[in-house]
Amino acid sequence: MLAQLQVASEGLPIPGLDASGDELFRLGLLYSTGQGGAPLDYVSAHMLFNLAAMRGSVEAKIYRKELAGEMASDQVAEAQRQAREWLAHG
């Protein structure tokens, strides 16, 4: 999953803490569709949409809600945990 990737050996690199809401949203789109070199990973996509929403992306709020409907509750909880972890490493 994204938060566990430290190098771009599989998928894309983790965005820095200075990433904008738009950048996080675009990366979330890649993970939610498995495009642009990102693996299809709903947990990482939800995490990124969550972070993007926190940074003001209205689109990310919409996509996060839609994606959560496709995920099991433990997957959503993991995505939220990873978002908190990402924020804590700042």
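## Helices α2 and α4

Helix α2 and helix α4 (residues 73-88) pack with their axes 8 Å apart, at an angle of about 55 degrees. Axes are lines fitted to C-alpha atoms, for helices over the stretch in contact, and angles run from 0 to 180 degrees between N-to-C directions. That angle makes α2 oblique to α4. Angles under 35 degrees count as roughly parallel, over 145 as roughly antiparallel, 65 to 115 as roughly perpendicular, and the rest as oblique.

The crossing of α2 and α4 is right-handed. A crossing is right-handed if the near helix is turned clockwise from the far one by less than a right angle, and left-handed if anticlockwise. On the α2 side, Val43, Ser44, His46, Met47, Asn50, Leu51 and Met54 take part. They meet Gln75, Val76, Glu78, Ala79, Gln80, Gln82, Ala83, Trp86 and Leu87 of α4. Contact means heavy atoms within 4.5 Å. The residues of this contact divide into 9 nonpolar, 6 polar and 1 charged. Ala, Val, Leu, Ile, Met, Phe, Trp, Tyr, Cys and Pro count as nonpolar, Asp, Glu, Lys and Arg as charged, and the others, Gly among them, as polar.

## Model and overall fold

This is a predicted model, in which local features need pLDDT of at least 70, side-chain atom pairs count only at pLDDT 80 or more, and totals for chains, interfaces and linings use all residues. Residues are numbered from 1 along each chain as its sequence is written, and side-chain values use heavy atoms, with hydrogens and water left out.

The protein chain has 4 helices and 0 strands. Its pattern along the sequence is α-α-α-α. Helices (H or I, at least four residues) and strands (E, at least two) are DSSP runs, numbered from the N terminus. Of the 90 residues, 40% are buried. Buried means under 20% relative accessible area, exposed over 50%, and partly exposed in between (1.4 Å probe, protein chains only). Among contacts with a separation of 6 or more, 59% join residues 24 or more positions apart. The accessible surface comes to about 5100 Å², and 51% of it belongs to carbon and sulfur atoms. Areas come from the Shrake-Rupley method with a 1.4 Å probe; for residues, only the protein chains shown count as cover.

## Helices α1 and α2

The axes of α1 (residues 21-33) and α2 come within 8 Å and cross at roughly 165 degrees. That makes α1 roughly antiparallel to α2. The crossing is left-handed. Gly21, Leu24, Phe25, Leu27, Gly28, Leu29, Tyr31 and Ser32 of α1 meet Tyr42, Ser44, Ala45, Leu48, Phe49, Leu51 and Ala52 of α2. This contact has 11 nonpolar, 4 polar and no charged residues.

## Helices α2 and α3

Helix α2 (residues 42-54) packs on α3 (residues 58-68) at an angle of about 150 degrees, with the axes 8 Å apart. That makes α2 roughly antiparallel to α3. Their crossing is left-handed. From α2 come Tyr42, Ala45, His46, Phe49, Asn50, Ala52 and Ala53. From α3 come Ala60, Lys61, Tyr63, Arg64, Leu67 and Ala68. By class, the contact has 9 nonpolar, 2 polar and 2 charged residues.

## Two residues

Leu48 lies in α2. Leu48 is buried, with a relative accessible area of 0%. Its C-alpha atom is separated by 9.9 Å from that of Trp86, 38 residues apart along the chain.

Asp22 lies in α1. Asp22 is partly exposed, at a relative accessible area of 46%. Asp22 and Gly56 are 34 residues apart in sequence and 8.4 Å apart in space, C-alpha to C-alpha.
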